[in-house]
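Subject: Structure handover

Hi,

Here is the structure I promised you. Please open it first, then read my notes beside it.

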Amino acid sequence: SQNTNYFISTNYFKQNGIVLNDDFKRMSVNLNLSNHITDWLTISVKSMFSTRDMSGVPANFEQAPDQSPYGNVYDENGPGGYAFHPVGDPLGINPLINTTIKDYDKQTSLWGLFSSAMEVPFVPGLKWTMNASSNLRIAKQGQYLDNQSTSASINANGIGSKAITESHDWTIDNIINYQKVLNIDHSINMTFLDSREYSQLDYSN
């Protein structure tokens, strides 16, 4: 309508790295809305939701130079169908073994901003602006190495780990501004600010 403006957008991005299993995915949604309630009051909302997926362990480039073109990369009895030692050398671990590790690495973010602007109708030059924002971020990571993935997991008969990080913060600003022209040489311009902030971080593994 004439008094309402809105904007909606979505974005999806996927990238496959040059190294096997080095992949990245991102998705985001944006929503912006503003409305002129009256000729002296306007409110607006901005929000964004996004996710990032960095799961997976890429092949190990550092182990590649230790291999031989005559080695046997595959072994139906090996982890993920790969030979653990392609050339028979205990120090020459297959660089593709890492890709068999079960790895979970995702991040989620939700951000929002609410704003209002009021030009006080019975006091010319007086304006009150309020901004309230909140941001929630969650990161989840998990990894499991079975008893065939690495030398350490073989000795331990499997290794697993999990971690969750959650952070939340918000800010509220109240701004009062008063402007008045007294004459050609003098004017008044005053601004008052009251701000509050909050932040919390939780981590568990």
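A word on contact before we start: two residues touch when they have heavy atoms within 4.5 Å. This is a predicted model, in which local features need pLDDT of at least 70, side-chain atom pairs count only at pLDDT 80 or more, and totals for chains, interfaces and linings use all residues. Residues are numbered from 1 along each chain as its sequence is written, and side-chain values use heavy atoms, with hydrogens and water left out.

**Thr-99 and its surroundings**

Start with Thr-99. Its contacts are Leu-20, Asn-21, Val-57, Pro-58, Ala-59 and Tyr-82, leaving aside residues up to four places away in sequence. Thr-99 sits in the loop between strand 3 (41-53) and strand 4 (102-119). Helices and strands here are DSSP runs, numbered from the N terminus: helices are H or I with at least four residues, strands are E with at least two.

Is Thr-99 buried or exposed? It counts as buried, because its relative accessibility is 18%. The cut-offs are under 20% relative accessible area for buried and over 50% for exposed, with partly exposed in between (1.4 Å probe, protein chains only).

A polar atom of its side chain lies 2.5 Å from the backbone oxygen of Leu-96. A polar contact is a pair of N or O atoms within 3.5 Å; within protein, one must be able to donate a hydrogen and the other to accept it, and residues adjacent in sequence count only if both atoms are side-chain atoms.

**The nonpolar core**

Leu-96 turns up again here. The largest nonpolar core has seven residues: Val-19, Ala-59, Tyr-82, Phe-84, Ile-93, Leu-96 and Ile-97. Such a core is a set of buried Ala, Val, Leu, Ile, Met, Phe, Trp, Tyr and Cys residues joined through side-chain atoms within 4.5 Å. In soluble globular proteins, nonpolar side chains tend to be buried together.

Look at Phe-84 in particular. Not counting residues up to four places away in sequence, its contacts include Pro-79, Ile-93, Ile-97, Gln-148 and Ile-154.

Seven strands form an open sheet in the order 1-2-3-4-5-6-7, with antiparallel pairing. Strand 1 (4-16) and strand 7 are the edges, and each pairs on one side only. The twist averages 5 degrees from one strand to the next. Angles run from 0 to 180 degrees between N-to-C directions; the axes are lines fitted to C-alpha atoms, for helices over the stretch in contact. Two strands pair if DSSP finds at least two bridges between them.

Now walk through some of the pairs:

- Strands 1 and 2 (residues 23-38) are antiparallel, with 13 bridges. Thr-4 is opposite Asn-35 in strand 2.
- Strands 2 and 3 also run antiparallel, over 13 bridges. Ser-34 faces Ser-44 in strand 3. The hairpin joining these strands passes through two residues.
- Strand 5 (residues 126-145) is antiparallel to strand 6 (residues 159-181), and 20 bridges join them. Ala-139 has Thr-165 in strand 6 as its bridge partner.
- Strand 6 pairs with strand 7 (residues 187-204) over 18 bridges, again antiparallel. Gln-179 bridges to Asn-189 in strand 7, and Asp-173 stands opposite Ser-195. A hairpin of five residues joins the two strands.

**An aromatic pair**

How many aromatic pairs does a search of the whole structure find? The count is three. One of them is Trp-170 with Tyr-198: the pair is stacked, at 5.7 Å centre to centre with 20 degrees between the planes. Trp-170 is in strand 6 and Tyr-198 in strand 7, 28 residues apart. Rings of Phe, Tyr and Trp (its six-membered ring) pair if their centres lie within 6.5 Å; planes under 30 degrees apart are stacked, over 60 edge-to-face, and the rest tilted. Trp-170 is partly exposed at 29% relative accessibility. Tyr-198 is partly exposed too, at 32%.

**Two positive phi angles**

Asn-21 is not a glycine, yet has a positive phi of about 75 degrees. It lies in the loop between strand 1 and strand 2.

Asn-157 is not a glycine either, and its positive phi is about 60 degrees. Its loop runs between helix 1 (151-156) and strand 6. Asn-157 is exposed, because its relative accessible area is 55%.

Best wishes
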